[in-house]
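Subject: Structure handover and notes

Hello,

Here is the structure for you to take over.

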Amino acid sequence: MFPENFILYSIQILLVVVMIAMIIVVIRSYLLHRQPIFKRFGLGMLIGFITDFGDTLGIGSFATTTAAFRMTHYIDDDRKLPGTLNAVHAIPVMFQALFFITAVKVELTTLLPMTTAAVIGAYAGTHVTKKWHAPTVQRVMAVALLIAVIIMVVRMITTPGSNNSMGVHGLHGWWLILGIVFNFGIGVLMTMGLGNYAPELIFFSLMGVNPAVAFPVMMLDAALIMPTTALNVIKMDRVSWRGFAGVAIGGVLGVIVAAKFFTSMKVDLLNKLIVIVALWTIFGLVRDSMKKNV
């Protein structure tokens, strides 16, 4: 049997390879198709920095990015919003995973099966959503944001799992099977615009695992779900390229800065602000989806 450190380092190498592949795909799209990846670069960097800073602290990035994109009219086609969220945050989230994969001990028998299930779910999800029309995407995004808001409020009120022992490092037996099924569903839902951080933190807390132990799992999940989704949606032309480079570069910087504040940063006020912004965004998505049918 391979030593645990060897497997973890192999995962880090895989992440670097996938990251390089993702960068090559973006550069190729720019060079061959003249995609406007540097348009609105400054605004994109600001959005990426803020959203991935919060993402590294466990807040998630999908709700905040959706709100920022809609408030600034950053993309002009809501049908491309779920795919763009996954593609534009793929590189920053892989940086996150590189930081945290070895920071907290988690059993590989939990980490590997759950991540594999999430990736398979993401691959399936991109094919489920590929023919959705704009109103459908807007309504699904609104529902996904509402679910995220509910979970965030529950976390703020109850702080689930905060008293769970740090001595539990994984799931076993039927709980692991449940975790695999859960993560497959999370992989599918991420392609529809629901982030995985808050749901996974709640899930692990309910399973008796301290939320801190969940960080390597949820970050590795996101780090492999997002490029899996991104590579599929790019082939399907379901990504908005405008300002792509700004958001991605700003996101990487946000991850690096947030990693230094990970243990001391208080995010309660930020969470409350995100809830308010997300509710306004939900209203806008539902309103716009109704206009399409008038």
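Predicted model: local features only at pLDDT ≥ 70, side-chain atom pairs only at ≥ 80, totals over all residues.

Residues are numbered from 1 along each chain as its sequence is written, and side-chain values use heavy atoms, with hydrogens and water left out.

Helix packing

Axes are lines fitted to C-alpha atoms, for helices over the stretch in contact, and angles run from 0 to 180 degrees between N-to-C directions. Contact means heavy atoms within 4.5 Å.

Helix 2 (residues 41-56) packs against helix 4 (residues 81-100) at an angle of about 30°, and their axes are 11 Å apart. The crossing of helix 2 with helix 4 is right-handed; a crossing is right-handed if the near helix is turned clockwise from the far one by less than a right angle, and left-handed if anticlockwise. On the helix 2 side the contact is made by Thr 51, Asp 52, Asp 55 and Thr 56, and on the helix 4 side by His 89, Pro 92, Val 93, Gln 96 and Phe 100. Sorted by class, this contact has three nonpolar, four polar and two charged residues. Ala, Val, Leu, Ile, Met, Phe, Trp, Tyr, Cys and Pro count as nonpolar, Asp, Glu, Lys and Arg as charged, and the others, Gly among them, as polar.

Helix 3 (residues 62-72) also meets helix 4: their axes come within 11 Å and cross at roughly 115°. This crossing is right-handed. Phe 62, Thr 65, Thr 66 and Phe 69 of helix 3 touch Leu 81, Thr 84, Leu 85, Asn 86 and His 89 of helix 4. The contact has four nonpolar, five polar and no charged residues.

Helix 3 is mostly covered, with nine of its 11 residues buried. Buried means under 20% relative accessible area, exposed over 50%, and partly exposed in between (1.4 Å probe, protein chains only). Among the buried residues of helix 3 are Phe 62, Phe 69 and Arg 70. After helix 3 comes His 73, which has a positive phi, near 50°.

Nonpolar core

A nonpolar core is a set of buried Ala, Val, Leu, Ile, Met, Phe, Trp, Tyr and Cys residues joined through side-chain atoms within 4.5 Å. The largest one has 72 residues, and those touching the most other members are Leu 15, Met 22, Met 94, Leu 111, Phe 204 and Phe 244. Helix 9 (residues 211-235) supplies the largest share of this core, 14 residues. Apart from neighbours within four places in sequence, Leu 15 is in contact with Met 94, Ala 97, Leu 98, Leu 220, Ala 223 and Leu 224.

Salt bridges

A salt bridge is a side-chain nitrogen of Lys or Arg within 4 Å of a carboxyl oxygen of Asp or Glu. By this rule there are three salt bridges.

- Arg 70 pairs with Asp 78 (2.7 Å, N to O). Arg 70 is buried at 18% relative accessible area, and Asp 78 is buried at 16%.
- Arg 79 pairs with Asp 77 (2.9 Å, N to O). Arg 79 is partly exposed at 43%, whereas Asp 77 is buried at 16%.
- Lys 80 pairs with Asp 237 (4.0 Å, N to O). Lys 80 lies in the loop between helix 3 and helix 4 and Asp 237 in the loop between helix 9 and helix 10 (244-260), so the pair ties together parts that are 157 residues apart in sequence. Lys 80 is partly exposed at 22%, as is Asp 237 at 48%.

Two single residues

Gln 96 lies in helix 4 and is buried, with a relative accessible area of 0%. Not counting residues up to four places away in sequence, Gln 96 touches Asp 52, Asp 55, Thr 56, Tyr 197, Met 219 and Val 255.

Phe 182 is in helix 7 (residues 173-190) and is partly exposed at 25% relative accessibility. Beyond its neighbours within four places in sequence, Phe 182 is in contact with Pro 199, Glu 200 and Phe 203. Phe 182 and Pro 199 are 17 residues apart in sequence and 9.5 Å apart in space, C-alpha to C-alpha.

Regards

Definitions and conventions: Helix = DSSP H or I, 4+ residues; strand = E, 2+ residues; numbered from the N terminus.
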